[in-house]
Amino acid sequence: MAKLLIVEDDESVRTLAARALERAGHMIDIAADGAQGLSMIQAAQGRYDLVVSDIRMPEMDGIEMAIAAAAQFPAMKIMLMTGYADQRERAEELDGIILDVVQKPFTLAEIRSRVERALVCLV
């Protein structure tokens with residue numbers, strides 16, 4: 001069982017991902033945007049096994065959050081999600097911080113599989 005943080009501004013996507021990953025046996029925390037996600041990461045002192053974040057969000061996007069989190073907690077691993085090709089290209093510049101970028105929409109099986117693959121990379 002891993003401790004995961006899901007950062008997603010769309011409540012339906014956030015709920016879907018959280019339920020799928022809880023059913024896979026993981027402990028899940030959720031945040032509604034990058035600023036809240038970064039605050040939660042700081043409060044937990046970076047002790048998440050994996051952060052799964054949308055890229056495009058109000059206030060602070062997932063890439064800004066990932067850069068700030070990695071500066072404070074370099075060992076933290078982050079997986080991003082996006083439905084936008086241009087956002088996916090922005091994420092490619094974060095090699096070493098970002099493990100994977102999941103294309104939205106995704107299926108429950110796909111998000112579980114990609115998270116499991118990311119967690120195996122952490123061992």
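In strand β4, Met79 is the bridge partner of Val52. The pairing of β3 with β4 is parallel and runs over four bridges; two strands count as paired if DSSP finds at least two bridges between them. Helices (H or I, at least four residues) and strands (E, at least two) are DSSP runs, numbered from the N terminus.

The model is predicted: local features need pLDDT of at least 70, side-chain atom pairs count only at pLDDT 80 or more, and totals for chains, interfaces and linings use all residues. Residues are numbered from 1 along each chain as its sequence is written, and side-chain values use heavy atoms, with hydrogens and water left out.

An unreviewed UniProt entry places the feature "domain: Response regulatory" at residues 3-119. UniProt positions are given in the numbering used here, feature names are shortened, and annotations may be inferred rather than shown by experiment. Over residues 3-119, the chain is 45% helix and 22% strand, and the end C-alpha atoms lie 10 Å apart.

Strand β4 is mostly covered, for five of its five residues are buried. Here buried means under 20% relative accessible area, exposed means over 50%, and partly exposed lies in between (1.4 Å probe, protein chains only). Ile78, Leu80 and Thr82 point one way from β4, whereas Met79 and Met81 point the other way.

Asp54 lies in strand β3, which spans residues 50-54. An unreviewed UniProt entry gives the feature "modified residue: 4-aspartylphosphate" at Asp54. Asp54 counts as buried because its relative accessibility is 4%. Contact means heavy atoms within 4.5 Å. Leaving aside residues up to four places away in sequence, Asp54 touches Val7, Glu8, Asp9, Gly62, Leu80, Met81, Thr82 and Lys104.

Thr82 is found in strand β4, and its relative accessibility of 0% is why Thr82 counts as buried. Among the residues that Thr82 touches, not counting those up to four places away in sequence, are Asp54, Gln87, Arg88 and Lys104.

A polar contact is a pair of N or O atoms within 3.5 Å; within protein, one must be able to donate a hydrogen and the other to accept it, and residues adjacent in sequence count only if both atoms are side-chain atoms.

| Side chain | Backbone nitrogen | Distance |
|---|---|---|
| Thr82 | Tyr84 | 3.1 Å |
| Asp33 | Ala35 | within 3.0 Å |
| Asp61 | Ile63 | 3.1 Å |

The contact of Asp33 is at the start of α2, while Asp61 caps the N-terminal end of α3.

The buried residues of α2 are Gly34, Gly37, Leu38 and Ile41. They cover an arc of only 100° around the axis, which puts them on the same side of α2. This arc is that of the directions from the helix axis to the C-beta atoms. The buried residues of α2 pack against β1, β2 (27-31), β3 and α3.

In α3, the buried residues are Gly62, Ile63, Met65, Ala66, Ala69 and Ala70. They lie on the same side of α3 because their arc around the axis is only 155°. They pack against β1, α2, β3, β4, α4 (85-91) and β5.

**The nonpolar cores**

In soluble globular proteins, nonpolar side chains tend to be buried together. A nonpolar core is a set of buried Ala, Val, Leu, Ile, Met, Phe, Trp, Tyr and Cys residues joined through side-chain atoms within 4.5 Å. The largest such core here has 23 residues, and those with the most contacts inside it are Ile41, Val51, Met76, Ile78 and Leu80. At least two residues of this core come from each of β1 (3-7), α2 (34-43), α3 (62-72), β4 (78-82) and β5 (98-103). Helix α3 gives the largest share, four residues. A second, separate core of 19 residues includes Val13, Ala18, Ile111 and Leu119.

**Backbone features in the loops**

Gln45 has a positive phi of about 55° although it is not a glycine, and its place is in the loop between α2 and β3. Glu59, in the loop between β3 and α3, likewise has a positive phi, near 70°. Glu59 is exposed because its relative accessible area is 67%. A cis peptide bond, with omega about 0°, joins Lys104 and Pro105. Pro105 is in the loop between β5 and α5 (108-122).
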